[in-house]
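Thanks, everyone. Let's have the structure up on the screen and go through it piece by piece.

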Amino acid sequence: MSDPALVKVKPKFLRGDRAEFPAEAKALGHHGTAVVEFVIDAAGAVSSATLRTSTGSSILDKAALTTANTARFTPARDSGGNAIPLKFVTGYEFYQSKSHVPGGGLVHYTCDAFTREMDWWDAQHPDRTKKDSRDQLETMLVGFRLMFQPGGAMAGGVDGIRKKSAEHDAAWSAVRKDCRANPADLFVDHFDMRDMLIRLSKVAAGQRN
């Protein structure tokens, strides 16, 4: 394995499959980010792909590893122009609340998908007092509330954080209850920051397009 300090020309991605979200995993509510470590060899092919961080789902972990092995790169090169192997780490995301398809993502996220994903997440992380007990979606929404909502952390300091955290807990409990009772509805239609989420989704879609 080459010392990264020897690399003068970094590898460049050429081609490879997109990580597809297996239907079986969606049906079970599995979601998360799989972090994969692999070696880009002197020919630009992937070798020795291993899982560094699991999603908690063997289905998704397998999909990530399979995808990683399809990638091809220009190889790393040293100062003499010689192709050298190099270790590389990347993450593969599996979230129904996100989408690379224009018009997809959070504004089309159904209550049914949300409920299944949160139920599965709770089974994996039963202790809500731990730092990592919130999944990516909940963490993102807490951040939005603190940053963008009036009276948030920027306006109220520690008291603002406490107030907005309490607001989040109440809103999160409410949306989970409402979505469980209305599985065909959209998540955003039962969340208290609906309008803001729709605006942010439109901005994100514009950036992708």
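Which residue takes a positive phi in the hairpin of β2 and β3? Glycine 44 does, with phi near 90°. That hairpin has five residues between the strands.

Ground rules before we go on. This is a predicted model, where local features need pLDDT of at least 70, side-chain atom pairs count only at pLDDT 80 or more, and totals for chains, interfaces and linings use all residues. Residues are numbered from 1 along each chain as its sequence is written, and side-chain values use heavy atoms, with hydrogens and water left out. Helices (H or I, at least four residues) and strands (E, at least two) are DSSP runs, numbered from the N terminus.

Now the sheet. It is open, with three strands in the order β3-β2-β7, and the pairing is antiparallel. Pairing of two strands here requires at least two bridges between them in DSSP. From one strand to the next, the twist averages 25°. Axes are lines fitted to C-alpha atoms, for helices over the stretch in contact, and angles run from 0 to 180 degrees between N-to-C directions.

Valine 39 has serine 47 in β3 as its bridge partner. For isoleucine 40, the partner in β3 is valine 46. And α2 packs on this sheet: the helix touches β2, β3 and β7, and its direction makes about 30° with that of β2. Contact means heavy atoms within 4.5 Å.

Is serine 48 buried or exposed? Exposed, with a relative accessible area of 53%. The cut-offs are under 20% relative accessible area for buried, over 50% for exposed, and partly exposed in between, with a 1.4 Å probe and protein chains only.

Back to α2, residues 58–68. Its buried residues are Ile59, Leu60, Asp61, Ala63, Ala64, Thr67 and Ala68. Their cover includes α1 (23–28), β2 (32–40), β3 (46–53) and β7 (86–94).

Next, the disulfide. The count is one, taking a pair of cysteine sulfur atoms within 2.5 Å. Cysteine 111 and cysteine 179 form it, with sulfur atoms 2.1 Å apart. Cysteine 111 is in helix α3 (residues 111–124) and cysteine 179 in helix α5 (residues 153–181), so the pair ties together parts 68 residues apart in sequence. Why is the disulfide left-handed? Because the torsion about the S-S bond is about -50°. Both cysteines are buried.

Last, the aromatics. The whole structure has 10 aromatic pairs. Rings of Phe, Tyr and Trp (its six-membered ring) pair if their centres lie within 6.5 Å; planes under 30 degrees apart are stacked, over 60 edge-to-face, the rest tilted. Phenylalanine 38 and phenylalanine 73 form a tilted pair, 6.1 Å centre to centre, with 35° between the planes. Both are buried. Phenylalanine 114 and tryptophan 172 have ring centres 5.4 Å apart and planes at 90°, so that pair is edge-to-face. Phenylalanine 114 lies in α3 and tryptophan 172 in α5, so parts 58 residues apart in sequence are tied together. Tyr109, Phe114, Trp172, Phe187 and Phe191 form one aromatic cluster.
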